[in-house]
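Please look at the structure first.

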Amino acid sequence: KVGDSLSADDSYLSIMNRDGHQLGPYDFLADTIAYYGPSLADDSVAAQIGLSSIAVFDPFWAPAPPCEPNETPLQCEYRIRQPSVAMVLYGPNDVRSMTTEIYHQQMLRIVDESLALGVIPVLMTFSVDPDDELWWQSLEFNLALADIAEARGVPLINLWAAARFLPAYGLDEDKVHLLQSGFAALNYTTGHEAFYGVSLQNLLAIRTLDEIRRLLVADAQ
């Protein structure tokens, strides 16, 4: 995982490493959850509270150990994990501290560095409340992600579009973080993905990982 507090949250993807999932109509995702779940057992150095698309390239944010001197959080995480896929989510905090141009530049840098190391970066747009004072700039940030995904040919999960149909757009009371269901494991037996932002976020991310895993397996054969 590469991102800020929305990615660092244990309820996002790391929950795949737990037992007791109730997948309901999505039981076909069980193999993918079992495949990727163990790799999410440990916290990601590149997913921290307060981390931005700029700070992920700042060695100051790379804890030692396990990171080496002058190593960035992104470099450190990729060296330690040797991942095949990176789920990348920045935006809700970045939009409050940088311009669209800088955000585009930083996200493109993350994508390019990932690809150079053989890592598939999966970008994700972020949900925004229309009443947010940074609504229009947030839309520009999300459009920048779409442009980067198209330019580099990498996967894009449009959480922004999917969350339009959720109560409060899937957002918690602070209108930045996504609302959690409170369950200790994945639960899709009663349509939680239509009410809770994190449940929808996990479903979209795991569904994308499922597509990637199937394609990689097919290529290997």
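Setting aside neighbours within four places in sequence, Asp210 is in contact (heavy atoms within 4.5 Å) with Phe28, Leu29 and Thr32. The model is predicted: local features need pLDDT of at least 70, side-chain atom pairs count only at pLDDT 80 or more, and totals for chains, interfaces and linings use all residues. Residues are numbered from 1 along each chain as its sequence is written, and side-chain values use heavy atoms, with hydrogens and water left out.

**Asp210**
- Asp210 sits in helix H7, residues 197-220. Helices are DSSP runs of H or I with at least four residues, numbered from the N terminus.
- Asp210 counts as buried because its relative accessibility is 1%; buried means under 20% relative accessible area, with a 1.4 Å probe and protein chains only.
- Met87 lies 123 residues from Asp210 in sequence and 13 Å away in space, C-alpha to C-alpha.

**Helices H4 and H5**
- The axes (lines fitted to C-alpha atoms over the stretch in contact) of H4, residues 100-116, and H5, residues 135-152, come within 10 Å and cross at roughly 30 degrees.
- H4 and H5 are therefore roughly parallel, a label for angles under 35 degrees.
- Residues meeting across the pair include Tyr103, Met107 and Leu108 in H4, and Phe141, Leu145 and Ile148 in H5.
- The residues of this contact divide into nine nonpolar, three polar and four charged.

Definitions and conventions
Axes fitted to C-alpha atoms, helices over the stretch in contact; angles between N-to-C directions. Helix = DSSP H or I, 4+ residues; strand = E, 2+ residues; numbered from the N terminus. Parallel < 35°, antiparallel > 145°, perpendicular 65-115°, else oblique. Nonpolar A, V, L, I, M, F, W, Y, C, P; charged D, E, K, R; others polar. Buried < 20%, exposed > 50% of the residue type's maximum accessible area, 1.4 Å probe, protein only.
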